[in-house]
Amino acid sequence: MFSKHTNWMSIILVILLVTGCSSGNASQYEQSVKTIGGIDRVELLKFSGTYVGDNSAVLAILAQLPGSETVNEIDLSDQKISVTYDEERVSSEIDFYSTWFDGEDSAQKIYHYNAIYLTILVPNAKEYEFRVQDESFRITRDEMVATLTSEFGEFPSEEQLMEETFAEEYVKKHEEELEKMANHYEDYFN
């Protein structure tokens, strides 16, 4: 009987310690919203060859992309990746507005950046749609592939993109240009 009581007390103590530590960390460090310059491409590329039907992998990709901290809703039906961003997901309203609405077309840059990487990492997606407040952006995979092909010559096939190393090599080869395309989207996308 003493053993059962001790086991329960140990479990409760561990839960209290974990809860206390995690809540202390959350209040201590203000969470900011990830921007294009803050992306860890090594982590992002771990998910190359993902299919729209693999919900957890698509979620993991979105968690690595700009604005990830503000993702509120995701719809992966009909081979489309549709993401809605919302300020309720971050602790700072200032971070949200400075990320998405800084007066320098940040939302459009993030939309294009995310669409570029989803095109590379999720080869069976047919369309990408992003929404934040009253602003939205939609582009098809065919349009993305046409733009990337126009810029770099040839775009890898779906089979090639299923190979992790192929996607990594493609991104490494064009890393700076891909970021430039997002930051200057108006020069590349109609």
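Modeller: We shall discuss the ring pairs and then the sheet. This is a predicted model, in which local features need pLDDT of at least 70 and side-chain atom pairs count only at pLDDT 80 or more, while totals for chains, interfaces and linings use all residues. Residues are numbered from 1 along each chain as its sequence is written, and side-chain values use heavy atoms, with hydrogens and water left out.

Biologist: How many aromatic pairs does a search of the whole structure find?

Modeller: A pair of aromatic rings is described by the distance of the centres and the angle of the planes. Rings of Phe, Tyr and Trp (its six-membered ring) pair if their centres lie within 6.5 Å; planes under 30 degrees apart count as stacked, over 60 as edge-to-face and the rest as tilted. The search finds 11 such pairs here. The pair of Tyr111 and Phe130 is stacked because the ring centres are 5.9 Å apart and the planes lie at 10 degrees. Tyr111 belongs to helix 5 (residues 106-121) and Phe130 to strand 3 (residues 127-132), so distant parts of the chain, 19 residues apart, are linked; helices (H or I, at least four residues) and strands (E, at least two) are DSSP runs numbered from the N terminus.

Biologist: Which residues do ring pairs link into a cluster?

Modeller: The cluster consists of Tyr85, Trp100, Tyr111, Phe130 and Phe137.

Biologist: What is the order of the strands in the open sheet?

Modeller: Strands of a sheet pair through backbone hydrogen bonds, either parallel or antiparallel. Two strands pair if DSSP finds at least two bridges between them. In this open sheet of four strands the order is 1-2-3-4, with mixed pairing. Strand 1 (71-75) and strand 4 (135-140) each have a single partner strand, so one side of each lacks a neighbour in the sheet. Strand 2 (residues 80-85) runs parallel to strand 3, joined by six bridges; Thr84 has Arg131 in strand 3 as its bridge partner.
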